[in-house]
Amino acid sequence: MQAKKRYLTLFSAGACLILLFCFGGIQVPLSRRGPSRRDDHSLTGYHPGARQKRDANSGVYTGKRCRMDSCFDFSLCARNGFKVYVYPQQKGEKMSESYQNILSSIEGSRFYTPDPGQACLFVLSLDTLDRDQLSPQYVHNLKAKIQSLPLWNGGRNHIIFNLYSGTWPDYTEDLGFDIGLAMLAKASISTENFRPKFDVSIPLFSKDHPRTGGERGYLKHNTIPPFRKYMLVFKGKRYLTGIGSDTRNALYHVHNSDDVVLLTTCKHGKDWQKHKDARCDKDNTEYDKYDYREMLYNSTFCLVPRGRRLGSFRFLEALQAACVPVMLSNGWELPFSEIIDWNTAAVIGDERLLLQIPSTVRSIHQDQILSLRQQTQFLWEAYFNSVEKIVLTTLEIIQDRVLQHTSRSNLMWNSLPGGLFTLPQYSTYLGEFPFYYAKLGIKPYPKFTAIIHVVTPLVSQSQPVMKLLVAVAKSQHCAQVIVLWNCDKPLPAKHRWPPTSVPVIVIEGESKLISSRFLPYDTIPTDAVLSLDEDTVLSTTEVDFAFTVWQSFPDRIVGYPARSHFWDSNKERWGYTSKWTNDYSMVLTGAAIYHKYYHYLYTTYLPASLKTMVDQMSNCEDILMNFLVSSVSKLPPIKVTQKKQYKETMMGQVRWNVYLVKLVNPAPILHSRASRWADPDHFAQRQTCMNKFASWFGTMPLVHSQMRLDPVLFKDQVSILRKKYRDIERL
């Protein structure tokens, strides 16, 4: 009986609790962890009245509920794809150098369109980077100026770039104008204000950050063990009062002057002496003893505490220096968090647990430290080392949202060569790219497609192109041969070509332009492409060996004719040389194998200006392809087997080709094909190309190498019968 009463009492209490919960008498706090923490009402202590008050005072909160499906018009992207329009600059409007670099990066990208009718995304020409009212870069009356724009449309399909918001003393995230339905690409944005899959968190970068190119990371070698002189370092300002002062004021508790060196100074601002505390003089003295760069380059971990705002310049500085960032900025939405797995490149700390940081970093195994440092270098070079890469990464993230069916995978973003070079419009299957075979545990398709570039008429069965076609077709790895007919004469009849055991497809070149040899033809069924000039001299054995080598290096160019580049200090420009030396940085595509994906990149990634330059000169397309592949792989090409001559000698043959030369009377003039390579103008053009290409890439991507791969027992004094590629030595 007593048990029955107890059960009835418990049942009644439970029923009452359920009723209270249903009618709002009890609020269950939701976790702040996981994706739900960013939803509008998922934060504990949410008060609609307080939020409405903040909305009224702060433009950044207007459109808080915006997501791509509610505030973005996808129909604008359906007509012409993902195109970006930049408003024309208004007369008299000041613009910072950093914002000019952002706009120039967009205008120089493949996304840019000068026609607003074709645009999917719009970018203001009004400088919105610095919204601190005390800054000289602050643009006044921005609200009225933006509202007057005829294409503004409440901010729909617009993106606003911002580095600094708010001002003393609270440094809020208010931009000072109503952003409406626009997306924010913002530095130092908080997880509370960040709208997932709509805004983009970008890094805080200085005005000196390079527009293009950018320096490489400082991890030159895989140093093992990976420990450096210091375990953990920081050197920066200490704020005595106000927002951002708590963490930096407490750093002295962890500093040990040995392997944990955390230095702060009060000596900043006009009135620092009026506010200095008892520790200031001692801190300032200690601060001046250490060189910041020396600390940065000789530390395993770098502390990145928040400043007045959540973001800090220390973040990018640590990445470049291969100093693993230790983040101490609670509530900061890390840069490009939508695509980057920061757990593989940084240590995410908690400001409230500062005293535990030293023991935490000491507990990290050296293998993991090496992995973290390597990932910092990849991320720095892939997404952060220039304004252009920061901007392009932002645009690619938005494009992936718009074209969800062809968006990149997490692996594409977080492994070499990075999301900017793996274009999902080519394929969404990782096995179609040359970078992921090892990760997927697969190998490239064991055949190649040969593409022979022909520019001279077919007049004799003894021409070099005929011998080359037969030799290539005999290769056990050849799937088919494509003859790219870029000659002004009509296509020869089918019976003129020699009989082969593999299909021979003759394609007429598009507009007879030299860049057409790198078009992504649908008729290429294999992963590998063997690119050949018509007068190349190669035996079947040489082709077989080169392809065997390429199968181990599918992301590189593998071939025979090597060239090099050098810096001419007298002329202060890059030089091109074909001298026979012990190193090289290019393998010419007149006799080389590479992955067919590079045809797609050459066609879609490179700007029309460079390809037009190449086509007008009928020169340098091979150099441009080497620039592209080295820029993607960060590695040199691979030369196989010593071969000083790879072109057919022209003795006893009369072969002529038409080259247009601009004269007073612009009539076509005939030059022999042989004279083109000996022509000093041809060589001078290639010197010019080197510098034009380096200027566009923003750096010199070519990498020198002294490695040459020969067959086993090549030139060894052993029986020829023991050698697999025995015919190579007879050449």
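Which residues make a nonpolar surface patch of about 260 Å²? The close-ups below take up this and other local features of a predicted model.

**View 1. Tyr429, Leu440 and Ile442 make a nonpolar surface patch.** The patch covers about 260 Å². One of its members, Leu440, belongs to helix α16, which spans residues 437-440. Leu440 has a relative accessibility of 34%, so it counts as partly exposed.

**View 2. Helices α13 and α14 pack at an angle of about 80°.** Helix α13 holds residues 366-384, and helix α14 holds residues 387-402. Their axes lie 7 Å apart. The angle makes α13 roughly perpendicular to α14. From α13, the contact uses Glu381, Ala382, Tyr383 and Phe384. From α14, Lys389, Ile390 and Thr393 take part.

**View 3. A cis peptide bond joins Trp168 to Pro169.** Omega is about 5° here. Most peptide bonds are trans. Pro169 sits in the loop between strands β5 and β6. Strand β5 covers residues 164-165, and β6 covers 183-186.

**View 4. The peptide bond from Leu416 to Pro417 is cis.** Its omega is near 0°. Pro417 lies in a loop, with α15 (410-414) on one side and α16 on the other. Helix α16 is also the element that contains Leu440 of View 1.

**View 5. Lys197 has a positive phi of about 60°.** Lys197 is not a glycine. Most residues other than glycine have a negative phi. The loop between β6 and β7 holds Lys197. Strand β7 spans residues 200-201. Is the residue buried or exposed? With a relative accessibility of 51%, Lys197 counts as exposed, because the cut-off for that class is over 50%.

**View 6. Ala322 has a positive phi of about 60°.** Ala322, too, is not a glycine. Its place is the loop between helix α11 and strand β11. Helix α11 runs over residues 314-320, and β11 over 324-328. Relative accessibility is 0%, so Ala322 counts as buried. Under 20% is the cut-off for that class.

Technical notes
Residues are numbered from 1 along each chain as its sequence is written. This is a predicted model: local features need pLDDT of at least 70, side-chain atom pairs count only at pLDDT 80 or more; totals for chains, interfaces and linings use all residues. Side-chain values use heavy atoms; hydrogens and water are left out. Patches are made of residues with over 30% relative accessible area and no salt bridge: like charges are joined within 9 Å, nonpolar side chains (Val, Leu, Ile, Met, Phe, Trp, Tyr) within 5 Å. Accessible areas come from the Shrake-Rupley method with a 1.4 Å probe; for residues, only the protein chains shown count as cover. A salt bridge is a side-chain nitrogen of Lys or Arg within 4 Å of a carboxyl oxygen of Asp or Glu. Helices (H or I, at least four residues) and strands (E, at least two) are DSSP runs, numbered from the N terminus. Buried means under 20% relative accessible area, exposed over 50%, partly exposed in between (1.4 Å probe, protein chains only). Axes are lines fitted to C-alpha atoms, for helices over the stretch in contact, and angles run from 0 to 180 degrees between N-to-C directions. Angles under 35 degrees count as roughly parallel, over 145 as roughly antiparallel, 65 to 115 as roughly perpendicular and the rest as oblique. Contact means heavy atoms within 4.5 Å.
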